[in-house]
Amino acid sequence: MFPFSAPCAYPFAPREWPVTRTRRETLTTKTMAQYRIAWMPGDGIGNDVMEATKLVLDKLNFDAEYVHADIGWEFWCSEGDALPERTIGLLHNVDAALFGAITSKPKEEAQAELTPELQAKNITYQSPIVRLRQEFNLATNLRPCKGYPGNPLNYKDDIDLVVFRENTEDLYVGVEYHPVPESLSAELSKHPKWARFIEKAPLEDIAISLRINTREGCRSIVKAAFEHAKKFNYPTVTVVEKPNVIRETSGLMVRTAREVAKDYPGIDLWETNIDAMCMWLVKNPLDYGVLVSSNMFGDIVSDLCAQLVGGLGFASSGNIGDKLGVFEPTHGSAPKYAGQYKTNPMAMILTAKLMLDWLGEKGEAARLDAAVAKTIAEGKVCTYDMGGTNTTLEVAEEVTRNL
Ligand code: IPM
Ligand code: MG
C-alpha cells in the first residue's frame, strides 16, 4: 500500500490528453470557424500570456473564432461581479474557453475596491474561477506536471505527474459563517465538540467554513484518475487525503477510491496523507504518476508538483465538465509583473495544448508539444525564470518557429 516501498518505472510522459470532450455545441452559421473559443485574459499577467499564446495558436492548423469574454477584478470593482452574467451566457455557446489569470483578494480588501455606489449594497466577492467551476459543473481539474528534458528548472529529470483534483466541492463550496448564526450554534450543540468553542469565544468570534464532499464527486474524480492510469499504463493511482484526522470527508474519498479501484485490477491504489505526500514528492518524485485528491488538497499538491517541473511557469490545467472545458494555467495574475512581458508563457501555451487535446485536435496538440519541448531543450530563447532575458512574446515567437 505504501508508495515508498515500491518504486517503479513509469512510461515516458503521455503526449496526448485522454479526456476528450463528449459533446460539441452545434454551430449553425456556415461562415463560422470550426471552433468557437471564449477568450478570457482576466487580470494581470493573464493578458501577457494570452497575447503570447495567440501568436502560437494563429500558426497552428486550428480553425477557431475567439470571442472576448469579460471576467476579472475590474468587473468586480465597476459592476460588483467579477463574472458578469453576459460571460456566463457566452460560455453556454462556445466549444471551450481559454482563461489567463485572476486576481482574488480577501473580503475587506475586495469590499474597499468596489465602486462607491456599490459599497452599501452588501455584495460579497466570489472568485470567478471557483464560480465557473461550480456553475458549469467542471468537476475534473487536470493538472499535468511533466518535466521537459533540458529545462534547467527541473527538480529531477523524467518527472511525470498528473494531478486529478476534484473541482466543485470540499472547502471550496463557499458555505461559510462568521459570525456563527444562533440557529447553527443550537444545532451544533448536539455535537460534543462544539461546547469547547462556545466556552472559549462568543459566536461573533468564531468562523466556520464547511468542507462538503459527495460520494459522486469522489467517485467521478477517482474514476477519471484511474481511466488516465489505464490509458497510459501507469501502475498506480495515489489518493492524497487525510482520513486519519478528517474521518468523514477524507474518509469518503479514500473509501470511494477503494471501491473504484476494484474496477481496475491491474492498477494499484496507493493511499497517502497530504502532509506525507508533500514530503514523498520532494524525496522520491519518480515513484509517482497519477495523483487524485479533493479540491483543497488537490490545490496544494498541484502547486508542489508544478515546482518539481520548473515552477508555475510550466503548469497547465483544464477544468473539465460534460459540456464545457475551461483551460487555464495554474499560476495566478502576478499583478506586479502585469504588462511587463516578463512572465514565462509556457504554462499558458501548454494550457492551449491541453485544450487542443480535449477538443480532439490530437495532431496539432502533439505538434505544439513538440515545439515547446524543442524550445525548452535548445534553451536559446527563455524568460528570466529560466535564466534568460527574453520577453513573453519572444518565447512564444520561438515556439511558433519550432512548430
Ligand atoms: C488554482 C488557484 C485557484 C484555486 C484560486 C485562484 C481561486 O489557486 O486554480 O489553483 O484555489 O483553485
Ligand atoms: Mg492553486
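Here is a quick tour of this predicted model, from its sheet and cores to its ligand.

Local features count here only at pLDDT of at least 70 and side-chain atom pairs only at pLDDT 80 or more, while totals for chains, interfaces and linings use all residues. Residues are numbered from 1 along each chain as its sequence is written, chains are lettered from A and ligands numbered from 1 in the order in which they are written, and side-chain values use heavy atoms, leaving out hydrogens and water.

**The sheet**

- There's an open sheet of 10 strands with mixed pairing, in the order β2-β1-β3-β12-β11-β4-β5-β10-β8-β9. Strands (E, at least two residues) and helices (H or I, at least four) are DSSP runs, numbered from the N terminus, and two strands pair if DSSP finds at least two bridges between them.
- At the edges sit β2 (64–68) and β9 (268–273), each pairing on one side only.
- On average, neighbouring strands in this sheet are turned by 25° against each other, direction ignored. Axes here are lines fitted to C-alpha atoms, for helices over the stretch in contact, and angles run from 0 to 180 degrees between N-to-C directions.
- Strand β8 (residues 236–241) runs parallel to β9, and six bridges join the two. Within that pairing, Thr238 has Trp270 in β9 as its bridge partner.

**Helices across the sheet**

- Helix α1 (residues 45–57) lies across β1 (35–42), β2 and β3 (96–101), at about 150° to β1. Contact means heavy atoms within 4.5 Å.
- Helix α13 lies across β1, β3, β4 (140–146), β11 (316–320) and β12 (325–329), running at about 160° to β12.

**Nonpolar cores**

- The largest nonpolar core has 65 residues, and Ile37, Phe62, Leu98, Phe164, Phe226 and Val372 have the most contacts inside it. Helix α13 (residues 346–359) gives the most to this core, with 10 residues.
- Apart from that one lies another core, of 21 residues, including Leu90, Ala97, Phe99 and Val130.
- By nonpolar core we mean a set of buried Ala, Val, Leu, Ile, Met, Phe, Trp, Tyr and Cys residues joined through side-chain atoms within 4.5 Å. Buried is under 20% relative accessible area, exposed is over 50%, and partly exposed is in between (1.4 Å probe, protein chains only).
- In soluble globular proteins, nonpolar side chains tend to be buried together.

**A buried aspartate**

- Asp170 is in the loop between β5 (160–166) and β6 (176–177), and counts as buried because its relative accessible area is 0%.
- Its side chain makes a polar contact with the side chain of Arg211 (2.6 Å). That term takes a pair of N or O atoms within 3.5 Å; within protein, one must be able to donate a hydrogen and the other to accept it, and residues adjacent in sequence count only if both atoms are side-chain atoms.
- Leaving aside residues up to four places away in sequence, Asp170 touches Arg211, Asn213 and Ser294, among others.

- The peptide bond from His178 to Pro179 is cis, with omega near 5°; Pro179 sits in the loop between β6 and α7 (182–188).
- Asn137 isn't a glycine, yet has a positive phi of about 45°. This residue is in the loop between α6 (128–135) and β4.
- Asn233, also not a glycine, has a positive phi of about 55° and lies in the loop between α9 (215–231) and β8.

**Ligand 1**

- Residues surrounding ligand 1 include Ile102, Ser127, Arg133, Arg143 and Glu328, where near means a heavy atom within 4 Å.
- An oxygen atom of ligand 1 is 2.8 Å from a side-chain N or O atom of Arg165.
- A polar side-chain atom of Tyr172 is 2.6 Å from a ligand 1 oxygen, and one of Asp299 is 2.8 Å from an oxygen of the ligand.
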